[in-house]
Amino acid sequence: MYDKLWLRYAGESQKKNARRVILSCGEKNNVLNAAITELKTVFSADAITVDTEAKDAPAGEGFLIRNKGGALAVSSQTGAGVLYGVFTLLRLLNTGRIDENFVQIADSPKISWRILNHWDNLDRSVERGYAGKSLWKWDDLPKIERRYVDYARIVASVGINGSVLNNVNANPIFLTSEYLKKTAALADVFRDYNVKVFLSVNFAAPISLSGLSTADPLDDAVRLWWKNKAAEIYALIPDFGGFVVKADSEGQPGPYAYGRNHADGANALADALSPHGGIVIWRAFVYGHGETDRAKKAYTDFKPLDGKFRSNSAVQVKNGPIDFQPREPVHPLFGAMKETSLFMEFQITQEYLGQGEHIVFLAPMWKEILQFGIRFPDEDSENQSSVGKVLEEKKLSGVAGVSNIGDNYDWCGSLFHSANLFAFGRLSWDWTLDPADIALEWSVLTWGNDPTVVDAVVKILTNSWEACIDYMTPLGLNHIMRYEHHYGPDPGCDQGSRADWKPPYYHRADARGLGFDRTRNGSDAVDQYAPLVADIFNDIKTCPEKYLLWFHHVPWDYTLRSGRTLKDELAFRYRRGVGEAEQLRAWWRLVKGRVPPDRYKAVLDKLDAQVADAHEWEAVCVKYFLSFAERA
Ligand code: GCU
């Protein structure tokens, strides 16, 4: 048994038969059948009518839900659209948003690809996974389990339409015929829920799997190898999504070994996939190789390649320039790659945000990034666009989320961590949604509609991210977590073989002050943004304080907007963070007796750990940083 997450349909199941539902779909397929099956969890079979009258219905993944003489009518040209319409209808009913005055709602995704990236390994370990083992039982596949179907239902219910099954640090074995058959079995299950399967591939697979002497992307034998591999895959999985590639990053092989660049690498794979309609998603997570400021590296390498990628390849860029920190400014590549398809990469699993222990709702972080006003260097000040809009307007674009799913009872690490999976789906479907509204939906769907519970859950969710920033990395601090596993504070850590894996590289504390100087007097990372944005970040007076220590080395006695000096403000923020963590727990205590006792206790245990950890963060960081200030 495992948790039903937000698909409990608690309130609605008692109302069976109360309404009629009409599904109008331009095609008859298994996706439509999945939609009907889902409806039957709430409506009795004889209340459901299905027709093919979809002449004026929305196309693609879009749908229309309307009140048709008292019946609820869902229409779309496609089974996928009807499926999303049905999940939306059920969500609206269960959150009390459809009443007798309901007229109609039309919706369609703003961004075409909404993909989960599983960092799952062959042995069922999950890189940065905190919710048990991988769901995929490679030893037993192609044998199918019920949980694979539920996975597809859950992710489809929030609009996710792609799943990358394996870790970006990719084992070449996934491209062998034996494993492709296993992948095909999962694709067969997911297809019914409009979820396409992707694989992470190892760039050197032609060498390791077939003994080629090179993986040079311009070598004919290598190109033929990828073409044949693509043909083999599509014979098994006709709607295979494509490849995700981590190349020349953290030891992964890539085109640099052959004097080629990232576009050469991506295009070789894109050419192999294009006859079949597949795409290659090439990650921009690169650093090292002689760059003194890690935050600058991806832009330095990728910006010159703008316009050089094939139309079926996209560059996948992490939301910030370093690595999924509690808060980062937006990655400058989103304002630089005008001619290149882009994917936004978010991390749903909370590698640097308390992992499976801390309750931290990430929708406000993702929203901050998606609504950031980015500008393009060659355009004037009028042409500001939000990052979400930039993605929306590209022909090929997507949002990828590093999954937090594992085989635990609760799927995502705790009974609250699924809020992030839910929010990822909702925001990648429509980046304009309000995080507080997403929190409200999740709360009602998951915990029921007792107003005391809803109020507490929403408050916990909506306040948790800023709380976490305060007790971990206030004012733009980042990457001060413990070595390798990234849980807990260790700002003085000196472990690891590279400087840019060590916290002091990021915080630069000394007797004078704190923070990384990325201004024009420092690493000049600010100038990777368009001039107007760069000017704001470059000036300590206009730089938003949330990014202060990201962009500036700030003197300890510098006065912040609060009137406090940096030294005092830092201590104040850490203290405030502890108070905020305690407040999250206090809100939860208000629901005692209103939710099942085992669920109450499971969440309370997490919050106890979070509060204890917040105290540790404060104690360690204030002592450490202030020891520098005291030398001033
Ligand atoms: C982070 C993470 C790694 C991961 C890498 C990536 O550095 O710690 O485990 O492999 O990101 O995104 O490729």
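A polar contact here is a pair of N or O atoms within 3.5 Å; within protein, one atom must be able to donate a hydrogen and the other to accept it, and residues adjacent in sequence count only if both atoms are side-chain atoms. With that in hand, an oxygen atom of the ligand is 3.1 Å from an N or O atom in the side chain of Asn-169.

Some ground rules. This is a predicted model, in which local features need pLDDT of at least 70 and side-chain atom pairs count only at pLDDT 80 or more, while totals for chains, interfaces and linings use all residues. Residues are numbered from 1 along each chain as its sequence is written, and side-chain values use heavy atoms, with hydrogens and water left out.

Back to the ligand. Two further oxygen pairings involve Asp-323, with a polar side-chain atom at 2.8 Å, and Arg-128, with one at 2.9 Å. On its own the ligand has 320 Å² of accessible area, and the protein covers 97% of that; the areas come from the Shrake-Rupley method with a 1.4 Å probe, and for residues only the protein chains shown count as cover.

What surrounds the ligand? There are 13 residues, and the closest are Glu-127, Lys-246, Arg-283, Lys-318 and Glu-351; a residue qualifies if one of its heavy atoms lies within 4 Å. By class, eight are charged, three nonpolar and two polar. Charged means Asp, Glu, Lys and Arg; nonpolar means Ala, Val, Leu, Ile, Met, Phe, Trp, Tyr, Cys and Pro; the others, Gly among them, are polar.

Next, Lys-318. Its place is in strand S11, residues 313–318; strands are DSSP runs of E, at least two residues, numbered from the N terminus. Is Lys-318 buried or exposed? Lys-318 counts as buried because its relative accessibility is 6%, and buried means under 20% relative accessible area, with a 1.4 Å probe and protein chains only. The Lys-318 side chain makes a polar contact of 2.7 Å with the side chain of Asp-323. Leaving aside neighbours within four places in sequence, Lys-318 is in contact (heavy atoms within 4.5 Å) with residues including Arg-283, Phe-285, His-331 and Glu-345.

Val-317 also lies in strand S11. Val-317 is buried, at a relative accessible area of 0%. Not counting residues up to four places away in sequence, Val-317 touches Ala-284, His-331, Leu-333, Phe-334, Leu-342, Phe-343, Met-344 and Glu-345. Val-317 and Ser-414 are 97 residues apart in sequence, and their C-alpha atoms are 28 Å apart in space.

Note on methods:
Helices (H or I, at least four residues) and strands (E, at least two) are DSSP runs, numbered from the N terminus. Buried means under 20% relative accessible area, exposed over 50%, partly exposed in between (1.4 Å probe, protein chains only).
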